[in-house]
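Here are my notes on the charged pairs and the nonpolar packing. Please read them with the structure open.

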Amino acid sequence: MEITHRAISDGVVVITPIGKLNMVHAHHLRNEVDAILGKGHNRIVVDLTNVEFLDSSGLGALIGCLKAARQANGDLRIASPTEQVKLVLQLTNLDRVLTPYTNAETAYVTV
């Protein structure tokens, strides 16, 4: 799994994992979020455009990262989930906790 990150407006950092977010790779996402939080950035978007598969370990990583961001007085949001990821979120009712946004740029836009 490859993970990239970039800063966008208002100090939001977008993390883009590529590949499978499963038990083999979930710790990579946790490590990336921990590193970003350690640099003082507490508003994070995980762009799931290129995540082809998500399992329970991947869900656990996302929830753990959400908790870590909130403990740092921030938040973590998800954007652009694939159909498989949407289905897993819906089946587990975690789409209520991790509301998917259309894209990373609109995840922190307030109305």
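1. A residue is called buried under 20% relative accessible area, exposed over 50%, and partly exposed in between, with a 1.4 Å probe and protein chains only. By that scale Lys 86 is partly exposed, at 32%, while Glu 83 is exposed, at 59%.

2. This is a predicted model, in which local features need pLDDT of at least 70 and side-chain atom pairs count only at pLDDT 80 or more, whereas totals for chains, interfaces and linings use all residues. Residues are numbered from 1 along each chain as its sequence is written, and side-chain values use heavy atoms, with hydrogens and water left out.

3. The structure has 4 salt bridges (a side-chain nitrogen of Lys or Arg within 4 Å of a carboxyl oxygen of Asp or Glu). Side chains of opposite charge can pair when their charged atoms come close. One of the salt bridges joins Lys 86 to Glu 83, with 3.3 Å from N to O. Both residues belong to helix α3 (residues 83-91), where they are 3 residues apart, or about one helical turn. Helices (H or I, at least four residues) and strands (E, at least two) are DSSP runs, numbered from the N terminus.

4. Which residues are linked in a network of salt bridges? They are Arg 70, Asp 75 and Arg 77. Asp 75 pairs with Arg 70 at 3.3 Å (N to O) and with Arg 77 at 3.2 Å (N to O). Asp 75 is buried, at 16% relative accessible area. Its two partners are partly exposed: Arg 70 at 45% and Arg 77 at 21%.

5. A nonpolar core is taken here as a set of buried Ala, Val, Leu, Ile, Met, Phe, Trp, Tyr and Cys residues joined through side-chain atoms within 4.5 Å. The largest has 27 residues, and those with the most contacts inside it are Leu 29, Val 33, Ile 44, Val 46, Leu 62, Leu 76 and Ile 78. Two or more residues each come from β2 (12-21), α1 (26-38), β3 (43-47), β4 (51-54), α2 (56-71), β5 (75-79) and α3. The most come from α2, which gives 6.

6. What is Val 33 in contact with, leaving aside its neighbours within four places in sequence? With contact meaning heavy atoms within 4.5 Å, Val 33 touches Ile 15, Ile 44, Cys 65 and Leu 76.
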